[in-house]
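Please look through the sequence and the model below before reading on. The report that comes after them is written for a reader who is new to protein structure.

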Amino acid sequence: MANWQLIEEVRARNPLVQVITNIVVANDLANGLLAVGASPIMASAVEEMAELGGLADVVVINIGTLNAELVASMLAVGKAANAVGTPVVLDPVGVGATAYRRETVRRLLAEIQFAVIRGNIGELASIAGVDWNARGVDAGSGDTTQAMDIALKVAREYKTVVAISGAVDTISDGERVLTIENGDPLLPQITGSGCLLSCVIGAFVSVTDDYLTAVVTASASYAIASEYAAKTLKRNLPASFRIAFIDELALLHTHDHEKLASIEEVR
């Protein structure tokens, strides 16, 4: 279900991760990618997207702070990556919040083949067309027991691997469904923890053709790192946790994943 050797593989290959992301989290994403052993490039100018889409080992597209210029860059880099077989990861931040976000994601999904779509359950519910009480970029509220059905539906429709992140992660390639019950409650208290997970997933996806295993391994090791980080704190406060967490990402190869991972195949 997971392949912990991928942690070392990422460090050995130092994959180039081209990221178009939002202005809130770019620095943490770059630092987190460096910590796991990847090489981030946070470029967004449309003039260089065709070139970077061909050079990068993986492309991560995050729609957190949209504008027309970024959308053009997302489409350009995604198509360039598709043309050379480079995997592309989509993080549809707050897709259900506004018509502009919904239309942007609809267009991205229509014009780019994504290897992975990772988001919270509210975001994936929006893509699946499932009623959900969206709340900005947060998960909102709804029937969380639908996670498996939502993941299966989106994975099958878009021929991708879907990762729904939350207290319990749900991951599916359209046939198999796995859940992960790891992670510390402080993780969602730091801005961009989900955005960084999408980038880490991208780094893992770039070093193997088995995207489902890559997503499971990345998600579980990321969550376990948060548990290690929390144990180092004198007080459970988010700013201290943020620093400790990036440190633990740099120590992924030292963690006891075999013992701590709570992964179950539920379908």
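## About the model

This is a predicted model, in which local features need pLDDT of at least 70 and side-chain atom pairs count only at pLDDT 80 or more, while totals for chains, interfaces and linings use all residues. Residues are numbered from 1 along each chain as its sequence is written, and side-chain values use heavy atoms, with hydrogens and water left out.

Helices (H or I, at least four residues) and strands (E, at least two) are DSSP runs, numbered from the N terminus. Strand 3, residues 58-62, is largely enclosed by the rest of the structure, because five of its five residues are buried, where buried means under 20% relative accessible area, exposed over 50% and partly exposed in between, with a 1.4 Å probe and protein chains only. Val58, Val60 and Asn62 point one way from strand 3, whereas Val59 and Ile61 point the other way.

Two strands pair if DSSP finds at least two bridges between them. Strand 3 runs parallel to strand 1 (residues 16-20), to which four bridges join it, and Val60 is the bridge partner of Val19. Four bridges also join strand 3 to strand 4 (residues 88-91), again in parallel, and there Val60 has Val89 as its partner.

## The largest pocket

Rolling a probe the size of a water molecule over the atoms shows where empty space is left. On a 1 Å grid over the protein atoms alone, a cavity is a set of points where a 1.4 Å probe fits but cannot get out, and a pocket is an open set with protein on both sides within 12 Å along at least five of seven lines; lining residues have an atom within 4 Å of a point.

The largest pocket has a volume of about 1,100 Å³ and is lined by 41 residues, with Asn120, Ser165, Gly166, Pro188 and Ser193 nearest its centre. Helix 8 gives the most to this lining, with four residues.

## The largest cavity

A search of the whole structure finds two cavities of 30 Å³ or more, and the largest cavity holds about 60 Å³ of space. Its lining includes Asp28, Ser193, Tyr222 and Arg242, and helix 10 (238-249) gives the most to the lining, with three residues.

## Thr213 in helix 9

Thr213 lies in helix 9 and counts as buried because its relative accessibility is 13%. Leaving aside residues up to four places away in sequence, Thr213 touches Met1, Ala2, Asn3 and Leu6, where contact means heavy atoms within 4.5 Å.

Technical notes. Points joined across faces, edges and corners; volume = space filled by probe spheres on them.
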